[in-house]
Amino acid sequence: MMLTSDANQDTSVTTPCLASCQTISIYPAVAATNAAAITAKEPIKKPQRNLHDLLLEIFDVLLSCLLIAPCVIAYWRGTWELVGVLLFPKNAPLSALCSFLIGGIGHLSFTLFQRLLTDNIHPDKHRLTFYIISRCYTYAFGIVCVNMWRGTWVLCDWLTSADSLIIICVVTFVALLFLFATRTVRNLGAAPYSIIMDHKSDYFQVETMFRIPVSIAQ
C-alpha cells in the first residue's frame with residue numbers, strides 16, 4: 001500500500017468554457033488601490049454656510065456672551081454674598097471651611113446619586129414631577145458649586161497673603177501646573193461660558209474627569 005500526501009494530488013478542477021465566455025480576474029489589492037486612487041482624485045467639498053447660518057451663529061455667540069453668562073455670574077454673586085451673610089459672617093475661616101465642606105460633600109452626593117435620579121425621574125413618565133425636581137436639583141447644585149468656589153477662594157485668601165505679588169504668582173503657577181499635568185486646562189474657560197442646555201436625556205448626569213459612571217444605585 002502506497003501513502004500519498006495531499007500536496008502531490010492534483011486538486012484542480014477543469015470546467016468546460018464556451019467560446020464566448022471571458023475570464024475576469026479581480027485581485028483585492030489592485031481593486032483597493034484603484035478605489036483609493038479614485039477617491040483621492042475626487043475633491044473634498046467643504047460645506048458652504050449661507051447668510052442664515054452665519055447670522056444664526058453670530059446670534060448664538062451674542063446670546064451666550066451677553067445674556068446667559070451675565071445671568072450666571074449674577075446668580076453666583078448673589079448666592080456668594082448670601083452665603084457670606086448666613087454662614088458664620090463674623091468668622092471668615094470657619095465660614096470658608098463650611099463652604100468648602102458643603103461644596104465637596106454636595107458634589108460627591110450628586111455624583112453618587114446621578115444613576116438613581118436618572119432611572120427614577122423621567123419626563124416621559126411624570127413630566128410635571130420631572131420639571132419641578134430637575135429645577136430644584138439645578139438650584140441646589142448651583143449652591144453647591146458656589147460654596148466650593150467660595151470656600152476655596154476665601155481659604156486661599158486666609159492661608160496666603162493677597163497683598164504679596166510673589167505668593168499670588170506662586171499659587172497661580174502651582175494650580176496651572178497641576179492642571180497641565182492632569183490635562184484639565186480647558187476647565188479654566190468652562191465657567192460661565194460653557195453653555196449647557198436643559199436636555200432631558202442627560203439632565204442628572206455629572207461629568208467627571210475619567211467619564212466613569214459612578215453611582216451607588218447600579
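Because the model is predicted, local features need pLDDT of at least 70 and side-chain atom pairs count only at pLDDT 80 or more, while totals for chains, interfaces and linings use all residues. Residues are numbered from 1 along each chain as its sequence is written, and side-chain values use heavy atoms, with hydrogens and water left out.

Start with the big picture. The protein has six helices and zero strands, so the pattern along the sequence reads α-α-α-α-α-α (helices are DSSP runs of H or I with at least four residues, strands are runs of E with at least two, numbered from the N terminus). Of the 218 residues, 17% are buried, meaning under 20% relative accessible area with a 1.4 Å probe, protein chains only. Take the contacts (heavy atoms within 4.5 Å) between residues at least 6 apart in sequence: 81% of them join residues at least 24 apart.

Next, the record. An unreviewed UniProt entry lists residues 54-76, 96-116, 128-149 and 161-181 as "transmembrane region"; UniProt positions follow the numbering used here, feature names are shortened, and annotations may be inferred rather than shown by experiment. In the model, residues 54-76 are 100% helix and 0% strand, with end C-alpha atoms 32 Å apart. Residues 96-116 are 95% helix and 0% strand, and there the end C-alpha atoms lie 31 Å apart.

Now for how helices meet. The axes of α2 (residues 51-86) and α5 (residues 127-159) come within 9 Å and cross at roughly 70°. Axes here are lines fitted to C-alpha atoms, for helices over the stretch in contact, and angles run from 0 to 180 degrees between N-to-C directions. That makes α2 and α5 roughly perpendicular, the label for 65 to 115 degrees; under 35 is roughly parallel, over 145 roughly antiparallel, and the rest oblique. From α2, the contact uses Y75, W76, T79, W80, V83 and G84, and α5 brings Y139, G142, I143, V146, N147, W149, R150 and W153. By class, that is nine nonpolar, four polar and one charged (Ala, Val, Leu, Ile, Met, Phe, Trp, Tyr, Cys and Pro count as nonpolar, Asp, Glu, Lys and Arg as charged, and the others, Gly among them, as polar).

Helix α5 also meets α3 (residues 92-112), with axes coming within 7 Å and crossing at roughly 140°. This pair is therefore oblique. Its contact residues divide into 16 nonpolar, nine polar and one charged.

Methods: Buried < 20%, exposed > 50% of the residue type's maximum accessible area, 1.4 Å probe, protein only.
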